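I am opening these notes to keep track of what I looked up in the model, entry by entry.

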Amino acid sequence: MGGVPTPTIRLTGPLDPRQGWSAANCPIDRTLAVVGTRSALLLLREAFYGTTRFADFAERVGISEPVAAERLRELVEQGLIEREPYREPGQRTRMQYRLTQRGAELFPVLAALMQWGDRWLGPSGVELRHRDCGHAVTAGLRCSAGHEPELEEVDLVARDRRGRPAAG
């Protein structure tokens, strides 16, 4: 209620005041349209853990085969996972699934969800570790110069069509 203000991102230039613009092309909204279901995120988790076979995805995520088939199809259509044929001796050719580079770049998102869940919902019993040094791997904000800003030190800045900061 009262007391200490909640840290927020500062809106700048044409984004201030907030009522003057709409988040119509929001990258968060567009990303959630691609991976916004629980089953899609858990299928991606399994792909990061090395799962490749359809039946294993469905079983490990705890979803029905029709749901797994639909979500995997969507992830393939979005270019996050690719299908490739494999054949075991004496068996028919089947399809397996592998992460694409586009899919692999979602790992920091899953790592952040994992970290948040461990902190606020209780420890899971697993953690990410850097193989080379053995230290815990964490997700966090970092600017391109390497600084780790607090939330209240982050500005939301409008960009022009070329991706450069818009005049404000």
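**Ground rules.** I am working from a predicted model, in which local features need pLDDT of at least 70 and side-chain atom pairs count only at pLDDT 80 or more, while totals for chains, interfaces and linings use all residues. Residues are numbered from 1 along each chain as its sequence is written, and side-chain values use heavy atoms, with hydrogens and water left out.

**Helix packing.** I looked up how helix H2 (residues 38–48) sits against helix H6 (residues 107–121), and found an angle of about 105° with the axes 11 Å apart. Helices (H or I, at least four residues) and strands (E, at least two) are DSSP runs numbered from the N terminus; axes are lines fitted to C-alpha atoms, for helices over the stretch in contact, and angles run from 0 to 180 degrees between N-to-C directions. I therefore noted H2 as roughly perpendicular to H6, the word used for angles of 65 to 115 degrees, with under 35 roughly parallel, over 145 roughly antiparallel and the rest oblique.

I then listed the residues that meet: Leu 41, Leu 44, Arg 45 and Phe 48 from H2, and Phe 107, Leu 110 and Leu 113 from H6, where contact means heavy atoms within 4.5 Å. By class, this contact of H2 with H6 has 6 nonpolar, no polar and 1 charged residues (Ala, Val, Leu, Ile, Met, Phe, Trp, Tyr, Cys and Pro count as nonpolar, Asp, Glu, Lys and Arg as charged, and the others, Gly among them, as polar).

**Core.** Which residues have the most contacts inside the largest nonpolar core? I noted Leu 43, Leu 44, Leu 75 and Ile 81, in a core of 18 residues. Such a core is a set of buried Ala, Val, Leu, Ile, Met, Phe, Trp, Tyr and Cys residues joined through side-chain atoms within 4.5 Å, with buried meaning under 20% relative accessible area, exposed over 50% and partly exposed in between (1.4 Å probe, protein chains only). H2, helix H3 (54–61) and helix H4 (65–77) are the elements that give two or more residues to this core, and H2 gives the most, with 5 residues. Not counting residues up to four places away in sequence, Leu 43 touches Phe 57, Val 61, Ile 63, Ala 68, Arg 71, Leu 72 and Leu 75.

**Salt bridges.** I took a salt bridge as a side-chain nitrogen of Lys or Arg within 4 Å of a carboxyl oxygen of Asp or Glu, and by this rule the count comes to 9. In one of them the side chains of Arg 53 and Glu 88 meet at 2.8 Å, N to O. Arg 53 lies in the loop between H2 and H3 and Glu 88 in the loop between strand S2 (81–86) and strand S3 (94–99), so this pair ties together parts 35 residues apart in sequence. Arg 53 is partly exposed at 28% relative accessibility, and Glu 88 is partly exposed at 38%.

Arg 98 also forms a salt bridge with Glu 84, with the closest N and O atoms 2.9 Å apart; Arg 98 is in strand S3 and Glu 84 in strand S2, 14 residues apart.

**A loop residue.** Is Thr 52 buried or exposed? Thr 52, found in the loop between H2 and H3, is buried at 14% relative accessible area. I noted that Thr 52 touches Phe 57, Gln 96, Tyr 97 and Arg 98, not counting residues up to four places away in sequence.
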